[in-house]
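Hi there,

Here is the structure I promised to pass on. Have a look at it first, and my notes follow below.

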There are 6 protein chains.
Amino acid sequence: MKILCINPNSSSEVTEGIEKICKEYALTDTEIEVKCIKEAPLGIESYHDAAVSVKYLLDKFEEWKNEYDGFIIACHSDIGVDLLRELTKKPIIGLGEASMLLALPLGHKFSILSLKRKKIPQKEDLVKKYGLENRCASIRATGLGVVANYKEKREKLIQEGEKAVKEDRAEVLILGCAGMAGLDKEIEKIVGVPVIDGVVSALMLMESLIRYRVLTSKVGKYL
Amino acid sequence: MKILCINPNSSSEVTEGIEKICKEYALTDTEIEVKCIKEAPLGIESYHDAAVSVKYLLDKFEEWKNEYDGFIIACHSDIGVDLLRELTKKPIIGLGEASMLLALPLGHKFSILSLKRKKIPQKEDLVKKYGLENRCASIRATGLGVVANYKEKREKLIQEGEKAVKEDRAEVLILGCAGMAGLDKEIEKIVGVPVIDGVVSALMLMESLIRYRVLTSKVGKYL
Amino acid sequence: MKILCINPNSSSEVTEGIEKICKEYALTDTEIEVKCIKEAPLGIESYHDAAVSVKYLLDKFEEWKNEYDGFIIACHSDIGVDLLRELTKKPIIGLGEASMLLALPLGHKFSILSLKRKKIPQKEDLVKKYGLENRCASIRATGLGVVANYKEKREKLIQEGEKAVKEDRAEVLILGCAGMAGLDKEIEKIVGVPVIDGVVSALMLMESLIRYRVLTSKVGKYL
Amino acid sequence: MKILCINPNSSSEVTEGIEKICKEYALTDTEIEVKCIKEAPLGIESYHDAAVSVKYLLDKFEEWKNEYDGFIIACHSDIGVDLLRELTKKPIIGLGEASMLLALPLGHKFSILSLKRKKIPQKEDLVKKYGLENRCASIRATGLGVVANYKEKREKLIQEGEKAVKEDRAEVLILGCAGMAGLDKEIEKIVGVPVIDGVVSALMLMESLIRYRVLTSKVGKYL
Amino acid sequence: MKILCINPNSSSEVTEGIEKICKEYALTDTEIEVKCIKEAPLGIESYHDAAVSVKYLLDKFEEWKNEYDGFIIACHSDIGVDLLRELTKKPIIGLGEASMLLALPLGHKFSILSLKRKKIPQKEDLVKKYGLENRCASIRATGLGVVANYKEKREKLIQEGEKAVKEDRAEVLILGCAGMAGLDKEIEKIVGVPVIDGVVSALMLMESLIRYRVLTSKVGKYL
Amino acid sequence: MKILCINPNSSSEVTEGIEKICKEYALTDTEIEVKCIKEAPLGIESYHDAAVSVKYLLDKFEEWKNEYDGFIIACHSDIGVDLLRELTKKPIIGLGEASMLLALPLGHKFSILSLKRKKIPQKEDLVKKYGLENRCASIRATGLGVVANYKEKREKLIQEGEKAVKEDRAEVLILGCAGMAGLDKEIEKIVGVPVIDGVVSALMLMESLIRYRVLTSKVGKYL
């Protein structure tokens, strides 16, 4: 199977992080390619960033859509996911939805560790859209940007992760940004609860959908 | 990886159906074994059936728990799932939860095609427990028993599946019983929406959890 | 006060309908201009249509944003509303949100009369985003396109409106597309419940916000 | 248009505050009169106060109902609103509902700044009745009475308003009592989020309903 | 123990029906008196009826409140219940709340058989206020008035009751008006599901509260 | 009437506590017997404990079911309640459901004082199953075991009870374990809000159901 993983921002650092994770976890049969939207901002931190990225995605997807069996939007805000599901019947998955789905069978409630304060309402909208508000213990802002140095990311994720477990009674943590990819196992070891990375979740869910040969439903929302 | 798929009823027909599906979809690396609870009823159609099955599961699981990397409860009512999650930190998944999680990224809302009228409130409780009531278009009774002949199953599933799509606006259908395993692709072709089988979903989700090396959270509910 | 009403599709027929309504209802002090996105499709009937329209809106809004006191997105799917609220602190309102807010004090529950079947899940997402699912009796598809002849629109709206009142117990009806502007009073007379037009609602809500000198909050979501 | 604004308590101080605000914000075409229920208590702080006030409102409304185009109940608990909507088809609006509706398009969630601790459950019931619980960040008690001195009101509103923004992540604040009228702009300046006054909201919403010539639905709840 | 059962309407027929039921079911130790508000309308079918009745209740309750150990409002709309809970700490219960509480342990979901179409939204508000919307299968209008002849009541209750069971999957039925008292057992026999009368429920719940010596909480809502 | 109260654990201390309460509160006509499952663990603190207890309950209930008019499961987690409701049409009630139903008419929201942290998610599932999440202010862990000394129980219950009232705005407290029976009145006096014991609630609710001669519905869930 051939999967395209689209990083909707233009940070080569983030793209490389995604690539590394994909290679680490992909099945041997899985051919996975990671492409970024190089005209997009360095990180998707606002509605404006998202709109600029989708603007370019719209054109590029036309070229890409026939060459792969499924598409991952490597952004935890799941930008463009509804759009692509409409444009093809091949499976489309974003990091947000995938990470929540993988978190559910591991514990009672999950918390999302997000970037800035501003992201919280947007994540709330996302959780509500997927109908998962009763399984979400909290959404916490770490104050991080999409691009940040490793030490800072690690420190802030541990700090907010521990608060999520103690104060909000989260039983599973979700890394709420593609830029956090690769930190899951380390945070897990320290905080003591499962930590879910969006890229890994999306990759495995996509492989499952393709292996099962199921396609996006075309009788309603994505007609 | 070594997975144990536990059929909590004693029907050899259902056990064979599950085995066939598991072999068809498992990864080459996956060693999967299917065991039934032979002291249990032929199908889990009531709270009583469930209690009898769990009674025997309780003892057997002690022997099984160290020999596998993860456990599937091959019952769409997810009986014993909370119990096993408490008894081990290895991943545990039931067909109900797995099938709903796999259905979510394929369309706006799913419908569950269940057995008798009596099952509807129990499935409603299950959907509510997982917090997915806003993504569930309907739960429909087909009138089928766990064990039924192929032709009857096919006919009833198509009939209720078509009503779910037209009247309840379901975009994805879920086969609400392990005894329906193997009918997914045929119903899909006729009704025209993705049809999700619980065994396939649970198998793939379990493989993902094991590949990702994540374990059940042990800080709260499953401590 | 100076209001810009942005028709995000390129239909001159729809634009003229909006203009007519705006002139009919605007306060004498209100200077209202209607502009369409001429590069956009004739109607916003899909996620793709929305993405194309937002792509051009993104650039144009830069020129427009300093010249008006508030902006109406004359589309009942409220496309681009979050984006514009982020780009300016001047009030932004879409027809979807405005029409629901005006419907609330007139009766127990409202129904939205929408275009095609495909629109229903999207409107459900919108209603859920605004947290109004408990006040929404139903969303009904009329089968109409954004551009349709008057007689057909009238007939379909009456037909589905009457069903909404009888079968879903709607007490207020909402015209779920800018292309239906101007039919409110006629449907109201026949169906016998208040019928709310999105353009009128958005205009009046916008005038209220500007008169009250309140701006979009900039401490969280729209920072 | 002729609007009657009914202050359901007997405080002349509150009545004057309402009058001042009404004059400040009413359209030039709007003829607005403010009347209080002089047999009612000085403030509506309990179910008993509400019942006494409604007892007199019941008789007075008979005289008033033919002389105005719409009626505002200038109380943030919306007492008597359902009753009056049944007695006339002319629009009726209370400060509670109006202020929430105006707050919605300005930010993700609002908080209501109320009087005493006792009021919180009552406001919760009100928010739930309007189906807006998902948009309400919190309801906070200031400890104020309906009648209080300006300095105390200002201080308490700022204090609880700042907590609402920081601790509950409110993006918009609502003044939860007619006796707080006139403090909106001052609190807004200090706390830094939009502050919505109920009287202004109700006035503008009422003017909109009358200009739009829509009446209360008479097919169900208010028949 | 001494209980006062207040019939808030003035129908002697309804009062007698309530008395008969109370005598049939009261404990031997229970001294129960039934009083009607003779200045009230013959039935509480509207917000206006309710307001008139509460107006007189307000005065009368002052005389009554010291002479009894608990008070039943024998109206299924629970009018005045919050008010009385504020005025005394002795237990207060209405037929609506009591009947729903007694229905819950008998089946998955209940339906309320109410009077006219107009009552449905009001009952919806009541169910929502008590937070029981997820346990309510439906509210159905029988078209009956508070006062109606026995044969008509019987026929309509059976007709709507059967629809509630078949179409809405109700497992328990609630008689949604004090005027239906005495028909429970007969409807039960024919429809085949438990049928709950409000008067019986309120009486037994009140006896339990008094025997348990628990009083209305006075730290918040009813302070 | 003859009621069997089943203590599903094997602690004689807990059984005696239940017996004492039952004798104190039962009607003179009520013949109540308390039996424990002596093969069960000393307390039901986990899913495993529950499964072991239900395993033995399953057999014993066959002997018991014809000899009593109703059955109480004296466990606040309501283990086996659905099962027994299926096995007989005589009324079945658990302490969890009974205590919540009795708490509802006494105040706006209740808090449950439970044992260990681990119990919280399980109680959340229970509250959600009964559809009462909007009436539940909080679930608080006291850290207590099922068997604990009186002084420790008293101290912890007061401590968490006071926090529930102050921090979570609970207006009623529920003792969330049969082992807490007998402490209600003492906690009530100190904390100042009604405190509901599950045994008392279940006893009184059971007596009401039997006196009313209503049986579990057999058309759906419990067929």
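How far apart are the nearest C-alpha atoms of chain A and chain E? They are 14 Å apart, and the two chains do not touch, contact meaning heavy atoms within 4.5 Å. Chain B and chain D are not joined by any contact either, with their closest C-alpha atoms 14 Å apart.

A word on the basis: this is a predicted model, where local features need pLDDT of at least 70 and side-chain atom pairs count only at pLDDT 80 or more, while totals for chains, interfaces and linings use all residues. Residues are numbered from 1 along each chain as its sequence is written, chains are lettered from A and ligands numbered from 1 in the order in which they are written, and side-chain values use heavy atoms, leaving out hydrogens and water.

Now to chain B and chain A. Each gives residues to the contact: 51 from chain B and 51 from chain A. About 3,900 Å² is buried between them, 59% of it from carbon and sulfur atoms; buried area is the accessible area (1.4 Å probe) that two parts lose on being put together, summed over both. Of the area that chain B buries against chain A, 19% comes from B:Pro105, B:Arg211 and B:Tyr212, more than any other three residues supply.

B:Arg211 also forms a salt bridge with A:Glu207, their closest N and O atoms being 2.6 Å apart. In total, two salt bridges (a side-chain nitrogen of Lys or Arg within 4 Å of a carboxyl oxygen of Asp or Glu) are found across this interface.

Best wishes
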